[in-house]
Amino acid sequence: MTEAAKKKLHVKTWGCQMNVYDSERMAEAMAAQGYEATEDAGEADLILLNTCHIREKAAEKVYSELGRLKPLKARNPDLKIGVAGCVAQAEGAEIVARQPLVDLVVGPQAYHRLPDLVARSDRGAAVDTDMPPEDKFDHLPVARTPAKRPTAFLTVQEGCDKFCAFCVVPYTRGAEVSRPAARLVAEAEALVARGVKEITLLGQNVNAYHGDGPDGGTWSLADLIRRLHAVEGLARIRYTTSHPNDFTDDLIAAHGDLPKLMPYLHLPVQAGSDRVLKAMNRKHTAAEYVELIGRIRAARPDLLLSGDFIVGFPGETEAEFEDTLRLVEAVGYGQAYSFKYSARPGTPAAEKEGVGPEVASERLARLQALLGAQQRAAQEAAVGRETTVLFEKVGRLPGQLVGKTEHLQACHVEAPADLMGRVAKVRIVEAAANSLKGELA
Ligand code: 5AD
Ligand code: SF4
């Protein structure tokens with residue numbers, strides 16, 4: 001295919017890191033069909049919206065975005081618009097009924113059939129939300145070109161069998177499936193060969209990973225991390241997101257033993273009241289979570305902890321909300337995400353009465369004030385310390401590079417351009433709420 005004949009693909013991504021990974025895989029699949037990526041939706045021949053269904057607000061965004069794309073379609077009748085991701089999975093053909101300008105709908109487990117769907121959409125809207133038992137990634141091409149960034153995601157596990165009462169993930173992403181370890185090692189080695197220095201292992205329940213091992217046994221996440229630790233040229237390993245109930249002793253030990261495993265952990269607890277945790281079907285208590293954090297910190301004392309919280313779950317009383325504040329105070333987070341409960345169609349909690357928007361907003365503000373103060377304290381605590389930074393992009397100021405510390409904090413450093421994509425020792429000299437300033441050590 002000549003350069004002039006190349007078609008253009010624009011992908012817009014919402015939601016979690018798994019969607020980011022999937023969007024890259026979809027772009028690679030379409031590149032094999034002669035599509036070139038573009039940042040400009042206006043010049044695209046194919047626009048893919050990779051959507052998120054986790055909360056109502058996120059799910060509605062796709063329809064406002066589709067409305068905005070209307071004039072583009074009017075200008076270019078050959079333009080194809082596709083909806084991918086979790087809204088696609090949850091709503092399927094309803095999306096086309098609600099917004100007829102959509103040409104194709106593809107669920108997260110059907111991405112390997114995307115090129116086929118694009119071709120089929122010539123003859124009317126094409127919808128594929130099947131969840132076939134095969135691994136979509138086996139059928140998606142793996143890129144060999146130099147990586148654009150020194151950090152990469154690698155999906156090792158997908159889906160969730162936990163069925164927290166508020167969550168759509170078990171319905172949109174399906175049952176838990178782990179990819180075979182040998183494939184993941186090969187994919188990690190290919191990423192490192194392309195210049196990647198840091199890999200974040202992804203899964204909705206990543207620490208529940210139990211993939212076929214090359215030795216015929218079943219590998220845990222800790223087994224996989226130990227194997228990846230031996231990959232030469234790989235400098236850093238992270239993983240997200242974990243569930244407290246799958247946190248095994250071998251994973252705790254890995255945090256103590258493996259220097260490439262970064263001292264950062266995202267371990268959602270959602271709430272601090274045992275009654276609410278039970279109603280959420282979390283299957284652990286607040287005390288069990290706090291005790292677990294203690295054991296992980298014993299293995300890795302400099303761990304920076306991140307979490308997810310939901311306020312205003314149906315029936316949450318003021319006293320129960322205060323239990324969440326108390327848990328946050330007891331644990332101490334360096335970073336966190338907090339949300340107002342959003343009723344999701346089809347989930348058990350959606351049947352129950354919420355606490356009302358005012359109460360939820362007021363609780364969220366109080367929780368965020370506390371989490372914000374803890375984050376600022378963690379940022380301040382970094383000042384004077386030596387850490388490493390992996391440089392990912394140029395800064396706004398000339399001569400500046402920006403990267404992430406071991407604790408995943410953004411860090412600006414005056415550094416020579418050839419450090420781009422590399423890890424350097426840095427001393428932190430200044431802290432702001434969301435970034436640090438460092439000097440090469
Ligand atoms: N309402 C609010 N927050 C939710 N999350 C998941 N489902 C909901 C919901 N229905 C949050 C949880 C989860 C994070 C990814 O999103 O905190 O850990
Ligand atoms: Fe959703 Fe709970 Fe599964 Fe996380 S563990 S994806 S919150 S059901």
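Analyst: For the classes, Ala, Val, Leu, Ile, Met, Phe, Trp, Tyr, Cys and Pro count as nonpolar, Asp, Glu, Lys and Arg as charged, and the others, Gly among them, as polar. Note that this is a predicted model.

User: OK. By class, what does the shell around ligand 2 have?
Analyst: The shell around ligand 2 has seven nonpolar, two polar and two charged residues.

User: Which residues are around ligand 2?
Analyst: C160, K162, F163, C164, F166, C167, V169, P170, N205, H243 and R282.

User: And which residues are around ligand 1?
Analyst: That list reads I54, R55, F166, Q270, D308, I310, F339, K340, Y341, S342 and R344. F166 is listed around ligand 1 and also around ligand 2.

User: How far is the side chain of D308 from an oxygen atom of ligand 1?
Analyst: An N or O atom in the D308 side chain is 2.6 Å from that ligand oxygen.

User: Switching to helices. At what angle do helix 7 and helix 8 cross?
Analyst: Roughly 35°, with the axes of helix 7 (residues 181-193) and helix 8 (residues 221-229) coming within 11 Å. The crossing is right-handed.

User: Which residues of helix 7 and helix 8 meet?
Analyst: Helix 7 brings A181, L184, V185, A188 and E189, and helix 8 brings L224, R227 and L228. By class, that contact has six nonpolar, no polar and two charged residues.

User: How do the axes of helix 9 and helix 11 lie?
Analyst: Helix 9 (residues 249-257) and helix 11 (residues 286-299) have axes that come within 7 Å and cross at roughly 35°. D249, I252, H255 and G256 of helix 9 make the contact with L292, R295, I296 and A299 of helix 11. Those residues divide into four nonpolar, two polar and two charged.

User: What about phi of K283?
Analyst: Phi of K283 is near 65°, a positive value in a residue other than glycine. K283 is in the loop between helix 10 (274-279) and helix 11.

User: Last one: what are the domain bounds?
Analyst: The domain assignment gives domain 1 (7-128), domain 2 (142-262) and domain 3 (386-440). The C-alpha centres of domain 1 and domain 3 are 35 Å apart.

Definitions and conventions. Residues are numbered from 1 along each chain as its sequence is written. Chains are lettered from A and ligands numbered from 1 in the order in which they are written. This is a predicted model: local features need pLDDT of at least 70, side-chain atom pairs count only at pLDDT 80 or more; totals for chains, interfaces and linings use all residues. Side-chain values use heavy atoms; hydrogens and water are left out. Domain bounds come from an automatic or database domain assignment. A residue is near a molecule or strand if one of its heavy atoms lies within 4 Å of it. Axes are lines fitted to C-alpha atoms, for helices over the stretch in contact, and angles run from 0 to 180 degrees between N-to-C directions. Helices (H or I, at least four residues) and strands (E, at least two) are DSSP runs, numbered from the N terminus. A crossing is left-handed if the near helix is turned anticlockwise from the far one by less than a right angle, and right-handed if clockwise. Contact means heavy atoms within 4.5 Å. A polar contact is a pair of N or O atoms within 3.5 Å; within protein, one must be able to donate a hydrogen and the other to accept it, and residues adjacent in sequence count only if both atoms are side-chain atoms.
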